[in-house]
Amino acid sequence: MLLPLPSRLPTIAVLAFDGMAPFELGCVVEIFGLPRPELQVPWYSLKVCAQTSGPLRVVGGFTMQAEHGLDELAAADTVIVPGVADVRAEVPADVVAALGRAHARGARMVSICSGAFALAAAGLLDGREATTHWKYADLLQHRFPQVRVNPGVLYVDDGDVLTSAGSAAGLDLLVHLVRKDHGANVANAVARRLVISPHREGGQAQFIQAAVTAVDDDDAIARAMEWAMAHLAGPISVADLARVACMSERTFIRRFGQQTGTSPLRWVISQRVAASLPMLESTGAPVEEIGAAVGFESPVTFRHHFTRAMRTSPSAYRRAFAG
């Protein structure tokens, strides 16, 4: 049975601007703009906002028009800036003012890719750790020296201000927002709809030199992944995965790296960490039992890998997200 929706849904405002690329905006619309009654949680009211009411040119040769202005942006519960038109230019004063008003009244402020330049221009990143696309990191640090730029991560959660690296890393951050609001089970469901991982281990440095090849659902690597997901609680070795894929270990490691951008064992660790999240949120089981249930050999190993992946301890994660 579907639960009744509250009278007021949390508002998400995303900034559209002339000359923008559509991907980052599309990610926001895909996650927050589609109704999801099957999840049985109060979803979001999305508003696409712009500085002007006229047509906006979009990279790719088309135009769009936003229904809302900067007043709605400043009044939202969460404000997302998916980029800026020019990382070397000044952010328009009225946009800076709207971002400042939103933050002053308690809005959660979020940037994707070059959108960090807008948050920095509004002074919202001063004294904070933040990230942006790796190719803009040096420029962000140069233009805004009071920002502690971390170019090696996919996103930074600094409480009321969150920043992500380029393009697809925005999806990681947006799913993280869903996790903060509704828990791991709902975030995992959204990630499955998007056919993405609910949590990626590692930072953006792994993507600087080489692109990641998509995984074919019918190939041997996908078959080995599916087997691993069904056997997370037990020991999993490269030899086990290679046997399921009907490959030699050397060939399997090479193919796995080509298709996923990581090693088989690092991938298994990341899946185990992800599997522990709903258990930490929704059960009172001791951390030691949860680590064992998802396949970690010892509590020390579980805490080490969890902290490395999530940038917090299992106990601290439980305190933040339980219930």
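Arg311 is partly exposed, with a relative accessible area of 48%. Here, buried stands for a relative accessible area under 20%, exposed for over 50%, and partly exposed for values in between (1.4 Å probe, protein chains only). The model is predicted: local features need pLDDT of at least 70, side-chain atom pairs count only at pLDDT 80 or more, and totals for chains, interfaces and linings use all residues. Residues are numbered from 1 along each chain as its sequence is written, and side-chain values use heavy atoms, with hydrogens and water left out.

Arg311 forms a salt bridge with Glu129. The term requires a side-chain nitrogen of Lys or Arg within 4 Å of a carboxyl oxygen of Asp or Glu. The closest N and O atoms of Glu129 and Arg311 are 3.2 Å apart. Glu129 lies in strand β7 and Arg311 in the loop between α13 (299-310) and α14 (314-321), so the pair ties together parts that are 182 residues apart in sequence. Helices (H or I, at least four residues) and strands (E, at least two) are DSSP runs, numbered from the N terminus. Glu129 is partly exposed, at 21% relative accessible area.

The count of salt bridges comes to eleven. One of them joins Glu38 to Arg193, with the closest N and O atoms 2.7 Å apart. Glu38 sits in the loop between α1 (22-33) and β2 (45-50), and Arg193 sits in helix α7 (residues 184-194), so this pair links parts that are 155 residues apart in sequence. Glu38 is partly exposed, with a relative accessible area of 37%.

A salt bridge also connects Asp158 and Arg128 (2.8 Å, N to O). Asp158 belongs to the loop between β9 (155-157) and β10 (161-164), and Arg128 to the loop between α4 (116-121) and β7 (129-130); the pair therefore ties together parts that are 30 residues apart in sequence. Asp158 is partly exposed, at 32% relative accessible area. Arg128 counts as buried, at 17%.

Helix α3 (residues 93-104) has twelve residues. Its first and last C-alpha atoms are 16 Å apart, close to the 16 Å expected at 1.5 Å a residue. The expected span is 1.5 Å times one less than the number of residues. Val95, Ala98, Leu99 and Ala102 are the buried residues of α3. They cover an arc of only 100° around the axis, so they lie on the same side of α3. The arc is that of the directions from the helix axis to the C-beta atoms. Ala93 and Ala104 are exposed on the other side of α3. The cover over the buried residues includes β1 (11-16), α2 (70-75), β5 (78-81), β6 (108-111) and α4, where contact means heavy atoms within 4.5 Å. Just after α3, Gly106 takes a positive phi of about 100°.

Strand β1 is largely enclosed by the rest of the structure, because six of its six residues are buried. Thr11, Ala13 and Leu15 point one way, while Ile12, Val14 and Ala16 point the other way. Strands β1 and β2 run parallel and are joined by six bridges; two strands pair if DSSP finds at least two bridges between them. Lys47 in β2 is the bridge partner of Ala13. Strands β1 and β5 also run parallel, with three bridges. Thr78 in β5 is the bridge partner of Ile12. Together, β1, α1 and β2 make a right-handed β-α-β unit. Right-handed means that, with the strands pointing away from the viewer, the path from the first strand over the helix to the second runs clockwise.
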